[in-house]
Amino acid sequence: MLSEPFELTGKRVWVAGHRGMVGAALIRRLATESCDLLTVSRDLLDLRDTSAVDAWLVENKPDAVFLPAAKVGGILANDTYPAKFLYDNLMIASNVIHGSFKTGVQKLLFLGSSCIYPKFARQPIAEKSLLTGPLEPTNQWYALAKISGIKLCQAYRRQYGCDFISALPTNLYGPGDNYELETSHVIPALLRKIHEAKSGDARKVEIWGTGAPRREFLYVDDCADALVFLMKHYSEEGHINLGSGEEVSIRKLAQIICKTIGFDGQITHDLSKPDGTPRKLLDSSRLRSMGWAPAVSLSAGLEMAYEAFRETLRIPNELEVSLEQSLIDLSERSEP
Ligand code: GFB
């Protein structure tokens, strides 16, 4: 399984989507790799724009590409915006993978997701389960775009000999997460809801669905470390699972987060919201056999994720800063 190491030292390495949760974790992890990090913000390069991506690749000539960039969201966002999730993710994958081929990128790592496996795949889910059954309806759009990205990498390896690989992480969480309750994933949503319940002296907090589904979670800095490990040591056509092996029911997760935050109120259920896939535990034995294992447990990760959430509450946004500054200017001007 271990391939000849692909050295990153001295290479030009593009992290496409560097501002996202995974992209930012990759920037943190790659800081110790002595490579030239390339990044470009969304307002300067729309990855859905084919000619713009081609032009950027020709001008910047990366040797290696990490591709975590995607339109992502939790179960409700996926179910609510099917066209955005399918079109945006198809375009991002097609443009960056085809553009990397045209400009001779030496190695590319495409990021899939555990939600692309069949809804009722045998658990734990092995890589060979892909496309063996119907998808979970709430995120079939995102899943089809991600499956297409994986297939593109396999096709370019088979037809042109491109060293393009795909990794499928389980549900991720950590610094840089999205805390917007309508579009976020479960952990950032519960961190925010339970924090606000405690701060507001509420006696209960509401979670979506029955709480019965089980999810596996991986701390995002562990994910970034695994992605760098795979970029260096994995070079095969098949996609590879990237899980922690630690799964929990949503109800148990809510109880753990209540304990982490120190909230002892009641957990209630909004049964109008979907449960989604009953389980998504990955079989990550191929990655384990290569010698990689996660370092952060769920309880330790939740402590750090809660601290990262509290940090977002301490950082005033630009508007508050400029408003405060203009009030200071006004008061200084009005002084005799
Ligand atoms: O994390 P989540 O939105 O995504 O939901 P999925 C996981 C489980 O947590 C579902 C429950 O059963 C939700 O009903 N849940 C409980 C909540 N309370 C909440 C809440 O306040 N917010 C949210 N968001 N969930 C996603 C896919 O599926 O997995 C994405 O839709 C992506 O495409 C992601 O692949 C990794 O795990 O169900």
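In which sense do strand β8 and β10 pair, and over how many bridges? Strand β8 (residues 214–219) pairs with β10 in the antiparallel sense, over 3 bridges. The model is predicted.

**Sheet**
- The open sheet consists of 3 strands in the order β6-β8-β10, and its pairing is mixed.
- β6 (171–173) and β10 (247–249) are at the edges with a single partner strand each, so one side of each has no neighbour in the sheet.
- From one strand to the next, the twist averages 45°.
- Arginine 214 has serine 249, in β10, as its bridge partner.

- Lysine 193 places a polar side-chain atom 2.8 Å from an oxygen atom of the ligand.
- For asparagine 139, an N or O atom in the side chain is 3.4 Å from an oxygen atom of the ligand.
- Tryptophan 208 contributes through its backbone: an N or O atom there lies 2.9 Å from a nitrogen atom of the ligand.
- The ligand taken alone exposes 700 Å², of which the protein buries 97%.

**Shell around the ligand**
- The ligand is surrounded by 23 residues, and the closest are Asn171, Lys193, Arg215, Pro274 and Asp275.
- By class, the shell residues are 11 nonpolar, 8 polar and 4 charged.
- At least two shell residues come from each of α3 (75–80), α6 (186–199) and β7 (204–208).
- α6 supplies the largest share of the shell, 4 residues.

Note on methods
Residues are numbered from 1 along each chain as its sequence is written. This is a predicted model: local features need pLDDT of at least 70, side-chain atom pairs count only at pLDDT 80 or more; totals for chains, interfaces and linings use all residues. Side-chain values use heavy atoms; hydrogens and water are left out. Two strands pair if DSSP finds at least two bridges between them. Axes are lines fitted to C-alpha atoms, for helices over the stretch in contact, and angles run from 0 to 180 degrees between N-to-C directions. A residue is near a molecule or strand if one of its heavy atoms lies within 4 Å of it. A polar contact is a pair of N or O atoms within 3.5 Å; within protein, one must be able to donate a hydrogen and the other to accept it, and residues adjacent in sequence count only if both atoms are side-chain atoms. Accessible areas come from the Shrake-Rupley method with a 1.4 Å probe; for residues, only the protein chains shown count as cover. Ala, Val, Leu, Ile, Met, Phe, Trp, Tyr, Cys and Pro count as nonpolar, Asp, Glu, Lys and Arg as charged, and the others, Gly among them, as polar.
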